[in-house]
Amino acid sequence: MRKILIVGAGQSGLQLALALQSQGYEITLMSNRTADEIRSGRVMSTQCMFHTALQHERDQQLGFWESQAPKIEGLGVSVAGPESQRVIDWVGKLDGYAQSVDQRVKMAGWMETFAQRGGQLVIHGAAVSDLDYFSRTYDLVMVSAGKGELVSMFGRDAARSPYDTPQRALAVSYVHGLGPRPEHPEYDAVRCNLVPGVGELFVMPTLTTSGRADILFWEGIPGGPLDVFKGVKDPAEHLALTLELMERFTPWEYARATKVELTDAGGTLAGRYAPTVRNPIGRLPGGGLVLGVADVVVANDPITGQGSNSASKCAASYLSSIVEQGDRPFDEAWMQATFDRYWDTAQHVTKWTNAMLGVPPEHVLNLIGAAGELPPIAHRFANGFNDPSDFENFFYDPEKANAYVAEVAGTGAAGA
Ligand SMILES: Cc1cc2nc3c(=O)[nH]c(=O)nc-3n(C[C@H](O)[C@H](O)[C@H](O)COP(=O)(O)OP(=O)(O)OC[C@H]3O[C@@H](n4cnc5c(N)ncnc54)[C@H](O)[C@@H]3O)c2cc1C
């Protein structure tokens, strides 16, 4: 059977490794950390995944935590006014629920499953020189090492990467003890709180190493009042800062958070990165080729919560391309075609995410405002997180956006 090396055991690498393994491929998975190190380490993401991405996991019988993880049935948007009051506030129901399973739980669990099923797991932080050697002994080498150093093998695609610096400073806290949400206590939702000119606060439930928890996630415009987490090493100080900023900018979320405590010492994360699309094929010094996967080739800012979704979609797309190739070589043309097929969907995620990082134009503000009065708009916007290609139809172009709002208003759908 064909031999494949996968470097990096995150969402995309593990999903691909387990799926290919179950189809009889001989898979070696290289991870720079053991399952125990991942499980007892620091949180890595908020990893909210929507229906299509979760379905790819289910298709491979990998939804191990589905019954334990909170079901996220809605997506809400609030916009803060100048007095930190809510000037916009709505929630759209998701057609299929979303879920967040702490990557520490999921990646550690999947990695152990891969090894138990007889997979070759190598604990080693791969360097370019290692890949040079391995590219001669495997039929295919894929690099799914996220935003780590190996990305340097893949050239930046400037035409597809409008930003060359980070657009948000990120600060995550996993907490227990968040109070119930008064607006819709009967179901869980991911809430996006937009603070114009300052940044965004995302709040969502998750399944972490100690059971159900909630995540408080600030995205701050660099240099602004939320960009204060750099150099904060003490998790308690990180949480205190998070809460202070919530009290100041999003008091309605703070009201639920007065009794929270961190889930564990690894329950905080701060950082930033520039959203970047890269050329999918890495050329090794010895002439071998490697194929980049998920964040290695398309890394978007988490403002739209798409990276894990995209990693799942990328793994599913690459899986089809690999299987369809049969015994033919995984050559340069195949690698490019494999990426292009994934880019068909990924391009919509990148376009929408980069748009959300900018100052929203008037027609977008109108659209978000109208969603508060017209539930079909809230519903469509919320479900765009599952399939961002739909934003092409009503989001970017002022004429299309205004016509869409007028159409929904004209149908008398306000109370629908
Ligand atoms: C703060 C934050 C919040 C986010 N929130 C969301 C969200 O709500 N929804 C969503 O969909 N996405 C979200 N994302 C994005 C999402 O987490 C990533 O896009 C996703 O995990 C990418 O998956 P991946 O498989 O490409 O890489 P990763 O999940 O990053 O996995 C890469 C793995 O490779 C390993 N590795 C690195 N270098 C090497 C090496 N040299 N050798 C061996 N192994 C190596 C790493 O340790 C890691 O285990 C968020 C990201 C951040 C930072």
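Colleague: Let's start with V7: what is its bridge partner in β7?

Modeller: Keep in mind that this is a predicted model, where local features need pLDDT of at least 70, side-chain atom pairs count only at pLDDT 80 or more, and totals for chains, interfaces and linings use all residues. Residues are numbered from 1 along each chain as its sequence is written, and side-chain values use heavy atoms, with hydrogens and water left out. Strands here are DSSP runs of E with at least two residues, and helices are runs of H or I with at least four, numbered from the N terminus. Strands β1 (residues 3-7) and β7 run parallel and are joined by 4 bridges, and two strands pair if DSSP finds at least two bridges between them. In β7, V7 is partnered with V143.

Colleague: And which residue of β2 stands opposite V7?

Modeller: Strand β1 also runs parallel to β2, with 5 bridges joining them. Of the 6 residues of β2 (residues 26-31), 5 are buried, so the strand is largely enclosed by the rest of the structure. Buried means under 20% relative accessible area, exposed over 50%, and partly exposed in between, using a 1.4 Å probe and protein chains only. The residue opposite V7 is M30.

Colleague: Back to β7: which residues point the other way from L140 and M142?

Modeller: In a regular strand the side chains alternate between the two faces of the sheet. In β7 (residues 140-143), L140 and M142 point one way, and all four side chains are buried. Pointing the other way are V141 and V143.

Colleague: What does V143 stand opposite in β16?

Modeller: Strands β7 and β16 run parallel, with 2 bridges between them. Opposite V143 you'll find G292.

Colleague: How many residues are in the largest nonpolar core?

Modeller: A nonpolar core is a set of buried Ala, Val, Leu, Ile, Met, Phe, Trp, Tyr and Cys residues joined through side-chain atoms within 4.5 Å. L16, L20, L131, M142, Y318 and I322 touch the most other members of this one. Apart from it lies another core, of 45 residues, including C48 and F50. The largest has 63 residues.

Colleague: Why is Q47 worth a look, and what is its phi?

Modeller: Most residues other than glycine have a negative phi, and most peptide bonds are trans. Q47 sits in the loop between α2 (35-39) and β3 (48-49), and it is buried, at 4% relative accessible area. Although Q47 isn't a glycine, its phi is positive, at about 45°.

Colleague: Which side chains make polar contacts with the side chain of Q11?

Modeller: Q11 is in helix α1 (residues 11-22), and it is buried, with a relative accessible area of 5%. A polar contact is a pair of N or O atoms within 3.5 Å; within protein, one must be able to donate a hydrogen and the other to accept it, and residues adjacent in sequence count only if both atoms are side-chain atoms. At 2.8 Å there is the side chain of Q15, and at 3.1 Å that of K106.

Colleague: Now the ligand: how much of its accessible area does the protein cover?

Modeller: A polar side-chain atom of T46 lies 2.7 Å from an oxygen atom of the ligand, and one of N32 lies 2.8 Å from an oxygen atom. A backbone N or O atom of A126 lies 3.0 Å from a ligand nitrogen atom. Accessible areas come from the Shrake-Rupley method with a 1.4 Å probe; for residues, only the protein chains shown count as cover. Of the 1000 Å² that the ligand has on its own, the protein covers 90%.
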